[in-house]
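Please consult the sequence and the model while reading.

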Amino acid sequence: MRFPFKVAVAGCLALLLSLAGGVASAAWRDEVQKLRIGVLAGGDSAYRVATLEPFRIYLQDRTGIPVEIVPAASYRALIDAQAAGDVDYAIYSATSYATAFAECDCVTAIGAPIAADGALGFHSILVATANGGIESLADARGKRVALAGPDSVAGRLIPVQAFAAEDIVPEDYFSTVVTKQDPEAALAALLAGEVDVAVGWSSLTGPARTGYNFGSLARMVADERLTMDQIEIVWRSRLIPFGPHAVRSDMPPELRVLLSRALVNMATLDPEALDAVDRAGFGGGGFATPDASLYTVVTDLVAPEDGVTQ
């Protein structure tokens, strides 16, 4: 039986492409014989590693190479480990990712966590009491403001950065700057009449009456420390993204794409793995493949010499 010449050529080309793909696949698998994933473990490394086991197995199954969870005592240690090549993949907070990016430019975000309501992050907000005559940032000039501590991203760093873009120095713009432990304490000071405006944070998605889906307002409403008719939001920041999953920029492109797709498909393919890796977050939404611009708000915030204290 004779095959048409074109079919034979097409078959040969397909075989060659298949073989080439197999060679490329084998090449990166020879180069990356184990995937080391760095995670913040705090004071209980064994517990953190154990809780991530469904996630580890999921990525191992999806990549076909051994996966190891490498615990880190702090984000500083995690950044140093990835910069040195001791881990290939890291799970970061937004500011620790920005710090790693600024210090070594050796990391690439491949997965952005999504909240259950589809949000990719949250907003810093400036809040005033309802019907108090303050309806905008301009109205807050000369008033008393409560900010969170110096390491609070949503409670101080992001709003101060945004104010600076409008040539506003808080100590000059407001009559008094009061520092509180966290955004909830700042909002409590507002409700107590200690200040005129306070910084908090919120998803700004979902029902307004519940304080929106998550954030300092939602927690205070749930705890009956606040009702939304007591306050109004007079300013909001750009979106502050959740911390990403990031790989070293020199990771083979084939593996990077494989990992990104695995994260995007995890909610459907393995909800248990998603729960394991996103248990401490706002969870349930899975992952999206992020555009680099998503993290501009935090990469602009972090300078190479800045530390990571959160």
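Asp167 is exposed, with a relative accessible area of 74%; here exposed means over 50% relative accessible area, buried under 20%, and partly exposed in between (1.4 Å probe, protein chains only). Asp167 belongs to the loop between α6 (153-165) and α7 (170-173), where helices (H or I, at least four residues) and strands (E, at least two) are DSSP runs, numbered from the N terminus. The model is predicted, so that local features need pLDDT of at least 70 and side-chain atom pairs count only at pLDDT 80 or more, while totals for chains, interfaces and linings use all residues. Residues are numbered from 1 along each chain as its sequence is written, and side-chain values use heavy atoms, with hydrogens and water left out.

**Backbone positions**

Most residues other than glycine have a negative phi. Asp167, however, has a positive phi, near 60 degrees. Glu224 also has a positive phi near 60 degrees; this residue is found in the loop between α9 and β9 and, at 74% relative accessibility, is exposed.

**Salt bridges**

A salt bridge is a side-chain nitrogen of Lys or Arg within 4 Å of a carboxyl oxygen of Asp or Glu. The structure contains 12 of these salt bridges. Three of them are listed below.

| Pair | N to O distance |
|---|---|
| Arg56 and Glu53 | 2.8 Å |
| Arg225 and Glu184 | 2.8 Å |
| Asp300 and Arg238 | 4.0 Å |

Why are Arg56 and Glu53 separated by about one helical turn? They are 3 residues apart in helix α3 (residues 53-63). Arg56 is buried at 17% relative accessibility, whereas Glu53 is partly exposed at 30%.

Arg225 and Glu184 form a salt bridge that links distant parts of the chain, 41 residues apart: Arg225 is in the loop between α9 (216-222) and β9 (231-236), and Glu184 is in helix α8 (residues 183-191). Arg225 is partly exposed at 38%, and Glu184 is buried at 16%.

Asp300 and Arg238 also form a salt bridge. Asp300 lies in the segment after α12 (296-299) and Arg238 in the loop between β9 and β10 (240-241), so this pair ties together parts 62 residues apart in sequence. Salt bridges that share partners also join Glu184, Arg219, Asp223 and Arg225 into one network.

**The sheet and its helices**

Strands of a sheet pair through backbone hydrogen bonds, either parallel or antiparallel. In this model, 6 strands form an open sheet with mixed pairing, in the order β2-β1-β3-β11-β4-β12; two strands pair if DSSP finds at least two bridges between them. The edge strands, β2 (67-72) and β12 (284-288), each pair on one side only. From one strand to the next, the twist averages 20 degrees; axes are lines fitted to C-alpha atoms, for helices over the stretch in contact, and angles run from 0 to 180 degrees between N-to-C directions. Strands β1 (residues 35-40) and β3 (residues 89-91) run parallel and are joined by 2 bridges. Ile37 stands opposite Tyr89 in β3.

Helix α10 (residues 253-269) packs on the sheet, touching β1, β3, β4 (107-115), β11 (245-248) and β12; contact means heavy atoms within 4.5 Å. The direction of α10 makes about 5 degrees with that of β4. The buried residues of α10 include Leu255, Leu259 and Leu263. Helix α11 (residues 271-278) lies across β3, β11 and β12, and runs at about 85 degrees to β12.
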